[in-house]
Amino acid sequence: MFSKNHIKPIVVALGIAVAVFMCAFTTVIADQHAEETEATETAEEAEVSEEESAGSDPIQLESLVVVGSRAKPRSVLDSAVPIDIVSNEAFEKQGGADLPDLLRTLVPSYNVNTQPISDASTVVRPANLRGLAPDHTLVLVNNKRRHRAAVIHWLGNGLSDGSQGPDLAPIPAIALQQVEVLRDGASAQYGSDAIAGVMNFRLKDNYEGGSIEFKPGIYQEGDGRQFALAGNIGLGNPDVWSSLSFEYGGADPTIRSIQRTDAISLIDAGNFSVKDPAQIWGQPIIDGDTKLFANYGANLTDTIDFYGHANYARKRVEGGFYFRNPNTRNGVFSPSGRDDTLLVGDLRGLSAEMADWEARKAAAEAAGEEFTELSPHDADDIPITNHVPDPTRLQVVKNDPNLFNFQEMFPGGFTPRFGAFMWDSSVVIGFKGTALEEALGKPLTWDLSGSFGRNHADFFIFNTVNASLGPDTPTYFDPGDYIQTDYNLNFDVTYPLSDMVFLASGLEYRDEGFEIIEGERESHQIGPLAAQGFTAASNGFSGFSPVAAGKWHRYNVAAYLETEIRPIDPLLIALAVRGEQFEIFGGTLNYKAAANYKVTETMRLRGSYSSGFRAPTPGQQNTFNITTEYDFAKGDLVNKGTIPSTNPAVGVVTGKEDNSLDPETSNNFTGGFTVDILGVNLTMDFFDIRLKNRLSVSQHFTLTEGQKADLIAAGVTSAANLETFQFFINDFSTTTNGIDTVVTVPIPNGNLIAVYNFTNTTVTDHNPDTLDDHRIRELEENLPEHRASLTGVYSLTDAWSVLGRASYFSGWFDSEDYLQNPEAEGTGEYTGRVIFDLETTYIAGSGVALTLGGRNILNTYPDENPNGADSVGNKYGQFSPFGFDGAFWYAKVGYSF
């Protein structure tokens with residue numbers, strides 16, 4: 001399962017782990033000897049100190065987990081599969097409030113980055129666990145499946161393109177008790193999506209007390225100011241309780257751009273209407289970021305409990321798009337395929353004149369004669385010399401009420417602003433209890449629950465045009481909405497057959513829906529100037545036309561059986577099988593086997609093997625989408641579309657009549673060991689994930705004029721502007737394997753934790769007609785292969801503590817930067833970096849805590865992009881795994897009661 005390429009990271013991981021472990025072991029022995037000579041602490045003080053130290057661990061190995069097994073909770077070390085536990089305290093000891101960013105710092109196998117100029121991916125950022133797509137990770141809240149986001153990632157830095165995973169941002173960190181990250185395939189236990197692993201977010205269940213905190217911050221560059229006000233309160237008593245949490249915040253944008261060369265040329269030529277920078281690369285604006293979460297329960301009788309949780313979140317996210325050059329943007333300022341003249345529209349319409357011209361042109365070509373007559377809508381065009389349009393001709397057009405050019409509205413060009421209003425809501429209610437204890441001798445536990453989740457993205461785009469409408473165009477558009485809904489109904493039972501055998505079984509019904517709401521008419525309308533070469537629909541993000549709008553649903557039912565067997569005391573064996581029937585795809589059967597063997601009191605071996613699957617979502621099956629991207633080969637913006645795989649245009653490319661999507665399938669292996677000596681813990685696990693029929697989007701294909709006409713006739717009005725199209729495919733396979741290592745070390749008045757992850761992905765089989773070499777490189781190299789961190793927490797006094805962290809990110813490949821200059825050696829390849837975080841907290845008394853900290857305190861940036869100025873102005877690699885904004889400084893005032 002591992003090639004020669006994996007020997008080095010395995011040796012490195014073992015070397016680091018053994019070195020840290022031995023140093024820690026020596027330290028612990030020395031400390032233990034010193035402690036034996038100290039008699040100043042009472043047993044109660046020692047117990048309190050131990051609890052405080054454990055609570056501050058970024059990743060805990062001895063806390064109890066419920067994910068990965070339906071038996072009674074057990075510690076991470078006793079589990080048959082690898083699990084990370086991230087404590088609430090670990091989230092508190094960081095700057096910022098965005099949950100995905102907080103997790104990235106603490107879990108090296110989890111990656112998320114800034115997504116500038118990425119359409120809806122700027123609004124809901126794609127996150128990757130163990131090198132796989134966002135929808136390969138199942139997300140649970142209190143062990144119940146959480147709904148996925150409405151956003152489909154059309155632009156996700158290659159690896160995430162076409163995925164539709166859940167959005168973690170609506171979850172406030174202050175609502176969490178801990179996060180359990182199961183690094184193993186679990187489709188046989190939980191169903192679709194659990195291929196890379198499972199993330200279970202366990203909510204606080206306090207019925208008294210609470211906390212409130214205010215956390216402001218700013219980047220060292222002086223921009224990107226952020227703030228978050230958050231709180232939690234427990235109400236009730238042990239019998240009827242609720243834990244309520246909120247968070248409210250916002251963020252200003254950052255700008256890490258350099259002025260584009262074409263913009264500099266325009267300014268040098270005297271066009272002072274061009275902005276500096278003309279195009280912004282950085283963090284988006286986030287306004288009104290409101291998050292509410294409630295966890296609740298009640299004891300109805302001695303044997304029946306009521307429980308549930310609910311959330312509501314909303315925010316407005318706004319980012320930038322590419323700059324539209326006032327001389328060369330085809331279909332708006334200039335004719336298609338030309339950059340030496342401005343496009344002029346005749347508002348009287350030229351349909352009759354164009355028909356006569358076309359007839360004369362056809363006659364000349366039939367006769368073999370040269371035809372040089374300008375078309376009617378080219379006759380009034382304005383020549384450009386040295387970046388300056390002919391001033392005389394331009395003035396003539398401005399003075400003529402029948403003629404129009406978009407420099408009259410935007411003399412310096414324009415850069416669209418795109419974003420969405422986001423709403424997220426969910427509710428879970430359930431009843432659980434015990435029954436038949438007298439009849440069976442032991443209690444049978446049961447759990448009946450239902451849930452509903454909804455994610456809604458209402459898109460907007462402004463500072464742009466529908467060029468085909470000419471001077472009547474709006475500059476603010478409502479292009480439509482995406483809405484995702486999930487319904488779940490579950491019934492689970494568990495029964496301890498004996499001290500050696502535990503059984504669990506259950507049923508599930510799930511209905512998943514996706515809706516596209518039509519945009520306002522002007523956002524997808526083909527206006528009167530389209531016949532004269534002006535592009536239709538809102539420029540940058542075309543509105544959803546009637547043919548794109550619709551509702552789609554899919555249901556599935558499932559049944560599972562699990563057992564845990566302990567044939568001898570040191571050995572735990574876990575088995576699971578799950579059958580699932582989909583309305584569209586038919587049935588699937590998945591299995592899992594796992595074991596944990598206690599070799600000695602301090603060492604355990606563990607491993608698992610399982611099969612898995614992921615079903616395409618209704619959104620992936622049915623969505624039309626048009627986006628504008630920069631084509632570096634052409635040096636201009638082009639419109640690219642994604643069409644359903646069932647569209648006839650797809651068959652022309654694949655040569656198949658049936659191109660409908662099938663579920664992905666996987667085989668997952670993990671194997672490792674744990675060591676626990678005198679409080680020093682070491683875990684190391686190897687993993688191998690083999691995916692077949694993997695789902696993603698294809699490479700781009702050029703549309704023929706006939707295909708464009710067919711799409712327009714079918715109601716896809718913006719197809720007239722399309723240069724290329726892509727579609728979802730199911731025809732390639734990958735192998736992803738690697739290593740995860742965690743070492744935790746108690747030290748006097750604190751602790752150390754070292755974490756290392758190596759992940760490698762290889763495309764093992766593909767169809768060269770639909771997946772080209774560039775797409776393969778995106779899938780294999782877009783994330784760092786190596787990630788590591790070393791975190792230390794130290795209490796200087798009872799009231800004063802310090803946290804320090806070093807995080808390593810190895811090199812990565814940025815596909816967008818590569819396309820800027822593919823002929824140059826090393827283009828798009830970025831070298832690794834180490835960044836440092838530092839935080840100190842002082843507990844002032846009476847529950848008040850003051851914190852000062854910095855993230856990336858040495859102000860480390862990724863390599864500069866050598867082609868940024870000559871192309872689109874991004875100074876740094878836009879998909880840096882640790883961001884490209886530099887140092888971030890923050891403070892926090894907290895009060896606990």
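Is Tyr-296 buried or exposed at 17% relative accessibility? Tyr-296 counts as buried, where buried means under 20% relative accessible area, exposed over 50%, and partly exposed in between (1.4 Å probe, protein chains only). Some notes for you follow.

1. Ground rules. This is a predicted model, in which local features need pLDDT of at least 70 and side-chain atom pairs count only at pLDDT 80 or more, while totals for chains, interfaces and linings use all residues. Residues are numbered from 1 along each chain as its sequence is written, and side-chain values use heavy atoms, with hydrogens and water left out.

2. Strand β14. Please have a look at β14, residues 285-299; helices (H or I, at least four residues) and strands (E, at least two) are DSSP runs, numbered from the N terminus. Eleven of the 15 residues in β14 are buried, so the strand is mostly covered. As a reminder, side chains in a regular strand alternate between the two faces of the sheet.

3. Its partners. Two strands pair if DSSP finds at least two bridges between them. Strand β13 (residues 240-251) runs antiparallel to β14, joined to it by eleven bridges. With β15, β14 pairs in the antiparallel sense over 13 bridges, and these two strands form a hairpin with four residues between them. Within that pairing, Lys-291 stands opposite Ala-313 in β15.

4. Asn-295. This residue of β14 is the bridge partner of Ser-243. Asn-295 is buried, at a relative accessible area of 6%. Its side chain reaches the backbone oxygen of Lys-204 at 3.0 Å, a polar contact (a pair of N or O atoms within 3.5 Å; within protein, one must be able to donate a hydrogen and the other to accept it, and residues adjacent in sequence count only if both atoms are side-chain atoms). Contact means heavy atoms within 4.5 Å; leaving aside neighbours within four places in sequence, the contacts of Asn-295 include Asn-142, Trp-241, Gly-308 and His-309.

5. Aromatic pairs. Rings of Phe, Tyr and Trp (its six-membered ring) pair if their centres lie within 6.5 Å; planes under 30 degrees apart count as stacked, over 60 as edge-to-face and the rest as tilted. The count by this rule comes to 38 aromatic pairs. One of them, Tyr-296 with Phe-306, is stacked, at 6.0 Å centre to centre and 20° between the planes. Because Tyr-296 lies in β14 and Phe-306 in β15 (residues 304-320), the pair ties together parts that are ten residues apart in sequence. Phe-306 counts as partly exposed, at 23% relative accessibility.

6. A longer link. Trp-812 and Phe-882 form an edge-to-face pair, 6.2 Å centre to centre with 85° between the planes. Trp-812 is in strand β41 and Phe-882 in the loop between β44 (848-855) and β45 (888-896), so placed that the pair links distant parts of the chain, 70 residues apart. Trp-812 counts as buried at 3% relative accessibility, and Phe-882 is buried too, at 10%.

7. Cluster and charges. Ring pairs link Phe-321, Phe-418, Phe-459, Tyr-482, Phe-514, Phe-541 and Phe-544 into a cluster. A charge sits over a ring if NZ of Lys or CZ of Arg is within 6 Å of the ring centre and within 35 degrees of the ring normal. Arg-130 lies over the face of Phe-687, at 4.6 Å from the ring centre, and the charged end of Lys-432 sits over the ring of Tyr-307, 5.3 Å from its centre.
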